[in-house]
Amino acid sequence: DIWVGNQQAPVKLVMHGDYESEACAKANEVVNELMEKYGDQMQFNFRHFPQTKIHQRSLKAAEASVAAAQEGKFWEMHNVLFSNRRNLGTVSLKLHSKEAGINNKKFLELLVDGTFGWQVQDDMQEAITRGVKQVPAFFINGEPYTGKLSFADMSKQIETALKKSKPSKQAKHHA
């Protein structure tokens with residue numbers, strides 16, 4: 001699992017998504033704003049759910065981000081892929097990897113060989129098990145998020161999750 005942010009964060013936000021999806025790209029912009037606002041209070045996890053019937057290139061793009069994660073560049077690659085979502089052919093992915101700061105000469109080979117395909121498949125399987133039907137799909141501390149994919153609405157849910165995670169004042173007096 002590739003998590004971004006503070007491991008001790010009280011709020012864990014999970015997004016199931018597809019790098020070719022316009023809606024996911026918009027949702028990712030909201031996630032970037034949320035990460036800025038909540039900083040250490042929130043941790044983010046992106047799970048791959050490529051919609052391969054409509055987005056033929058999304059699977060390799062997902063593998064490319066897993067490959068980037070091996071070099072500690074997941075978040076950089078993740079954002080580069082969304083910015084270039086209309087241009088995700090295998091050769092383009094190699095260029096995107098350079099933009100994200102990856103220097104692995106075998107990057108293209110790893111993609112062509114499908115080295116990280118199993119990780120993407122695992123994510124897809126988990127999404128199906130969780131009942132995800134379409135992307136983007138969000139979970140806040142394990143609970144499905146059903147509100148609007150807007151900064152304001154998601155912030156409200158995160159605030160609620162933060163309140164729930166704080167121990168009550170009474171508990172502190174007994175400590």
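The model is a predicted one, which I kept in mind throughout.

**Entry 1: the start and end of α1**

I looked at the N-terminal end of α1 and found Ser 21 capping it, with a side-chain oxygen 3.3 Å from the backbone nitrogen of Ala 23. Then I checked the length of the helix.

**Entry 2: the buried side of α1**

Which residues of α1 are buried? My list reads Cys 24, Ala 25, Ala 27, Asn 28, Val 30, Val 31, Leu 34, Met 35 and Tyr 38. I traced what these buried residues pack against, and the partners include the strands β1, β2, β3 and β4 as well as the helices α3 and α7.

**Entry 3: Asp 18**

Next I went to the loop between β2 and α1, where Asp 18 sits. Asp 18 is buried but has no salt bridge, and Arg 85, the nearest side chain of opposite charge, is 9.1 Å away. What does the side chain of Asp 18 make a polar contact with? I found the side chain of His 55, at 2.8 Å. A polar atom of the Asp 18 side chain also lies 2.6 Å from the backbone nitrogen of Glu 20. Among the other residues that Asp 18 touches are Cys 24, Phe 46, Phe 82 and Val 135.

**Entry 4: salt bridges**

How many salt bridges does the structure hold? I count eight. One of them joins the side chains of Arg 47 and Glu 126 at 2.6 Å, N to O. This pair links distant parts of the chain, with Arg 47 in strand β3 and Glu 126 in helix α6, 79 residues apart. Arg 47 counts as buried because its relative accessibility is 8%, while Glu 126, at 25%, counts as partly exposed.

Within helix α2, Glu 63 and Lys 60 lie three residues apart, about one turn, and their side chains meet in a salt bridge of 3.2 Å. Glu 63 is buried at 4% relative accessibility, whereas Lys 60 is partly exposed at 24%.

Conventions. Residues numbered from 1 in each chain as written. Predicted model: local features only at pLDDT ≥ 70, side-chain atom pairs only at ≥ 80, totals over all residues. Heavy atoms only, no water. Buried < 20%, exposed > 50% of the residue type's maximum accessible area, 1.4 Å probe, protein only. Helix = DSSP H or I, 4+ residues; strand = E, 2+ residues; numbered from the N terminus. Contact = heavy atoms within 4.5 Å. Polar contact = N/O pair within 3.5 Å; in protein donor to acceptor, adjacent residues only side chain to side chain. Lys, Arg positive; Asp, Glu negative; His and termini not counted. Salt bridge = Lys/Arg side-chain N within 4 Å of Asp/Glu carboxyl O. Lists of a residue's contacts leave out its neighbours within four places in sequence.
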